[in-house]
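Thanks for coming, everyone. Let me put the structure up, and then I will walk you through it.

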Number of protein chains: 2
Amino acid sequence: MEALTIHEAAETTGWSARMLRYVERTGLVTPGRSASGYRLYGPPELQRLRTLKELLGRFDVGLSDVAFAARIASDGELRMAVEDWLRAQPSRPEHVEPADWLRFEQDKHQRLLTAA
Amino acid sequence: MEALTIHEAAETTGWSARMLRYVERTGLVTPGRSASGYRLYGPPELQRLRTLKELLGRFDVGLSDVAFAARIASDGELRMAVEDWLRAQPSRPEHVEPADWLRFEQDKHQRLLTAA
DNA sequence: CAAACCTTGACACAATCGTGGTAACGTTGG
DNA sequence: CCAACGTTACCACGATTGTGTCAAGGTTTG
């Protein structure tokens, strides 16, 4: 019984049950399932939900923004394309270090090559 | 006459004049202005507009997605927060080598130091 | 000067995001 | 068994995105 049901998880994370299902659809936090299909939120999921909520609140970002960041982090081709586009533009006249960011999961293609 | 007016720029980039103004509001491509306030698109802006259009078409991303990426690229605190959150999650149950993550940790903080 | 540009601001509209409900139906536990 | 809870699938609704159009007014140029 290490895992909470959706309403219990909602209680301790501050999200509504409705939103937990929505968050799941965005792919950001995916709970396990019981044999009969009940969502089961374990400590890791609960933690992610709490930190996600804090992230959204601290900065003015939406779930779709974080979802896009996740997509960038897992799609090397997309990441490179975006990175290239941004690097070519000082979008703000502000001096911004050439896009180092997005390097999270970089050289993934290399890993993929060696993985296959 | 190195710069084009908004309708001329629209012509050669494939965007509509309306969208060029919209793109400008997202902060992704900001043309210069003439003394009387006319937008002036030079070769760099025209190129960005073309590559931006190609980027949006090739992957299924929106202007707001690229705008968020730009925000991440220019806001170190936000970038770190998102990066941290994503690193803690194997957004895809896909097997992710812990060793790979650790490898990026190394040069990450050095970059942050030079960013400020 | 007048036609042909440009500007900002507004109205409009479909699609999506972020939320909340409710209905119909399966599961669990006292 | 049945109350309490879970599931999916919808309806709803304000806010934002992405787009077009139009109005009122300044600018450029033949």
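**The DNA surfaces and the core**

By class, the surface near DNA strand C has six nonpolar, eight polar and four charged residues. Near means that a residue's C-beta atom, placed from the backbone, lies within 6 Å of the strand. As for the classes, Ala, Val, Leu, Ile, Met, Phe, Trp, Tyr, Cys and Pro count as nonpolar, Asp, Glu, Lys and Arg as charged, and the others, Gly among them, as polar.

A word on the source. This is a predicted model: local features need pLDDT of at least 70, side-chain atom pairs count only at pLDDT 80 or more, and totals for chains, interfaces and linings use all residues. Residues are numbered from 1 along each chain as its sequence is written, while chains are lettered from A and ligands numbered from 1 in the order in which they are written.

Which residues come nearest? Of the 18 around DNA strand C, they are Ser16(A), Gly62(A), Thr5(B), His7(B) and Arg39(B). Helix 2 and helix 4 of chain A, with helix 1 (6–13) of chain B, each give two or more residues to this surface. Helices here are DSSP runs of H or I, at least four residues, and strands are runs of E, at least two, numbered from the N terminus.

Of the 18 residues around DNA strand D, Thr5(A), His7(A), Arg39(A), Ser16(B) and Gly62(B) come nearest. Helix 1 (6–13) of chain A, plus helix 2 and helix 4 of chain B, each supply at least two residues there.

Next, the core. The largest nonpolar core has 39 residues. Such a core is a set of buried Ala, Val, Leu, Ile, Met, Phe, Trp, Tyr and Cys residues joined through C-beta atoms within 7 Å. Buried means 20 or more other C-beta atoms within 10 Å of a residue's own, exposed means 12 or fewer, and partly exposed is in between, with C-beta atoms placed from the backbone. Among those with the most contacts inside the core are Ala69(A) and Ala69(B).

Look at helix 4 of chain B. Its buried residues include Phe68(B), Ala69(B) and Ile72(B). They pack against helix 4 and helix 5 of chain A, and helix 3 (43–58) and helix 5 of chain B.

Last, Thr26(B), in helix 2 of chain B. Buried or partly exposed? Thr26(B) is partly exposed, because 16 other C-beta atoms lie within 10 Å.

Terms used:
Contact = placed C-beta atoms within 7 Å.
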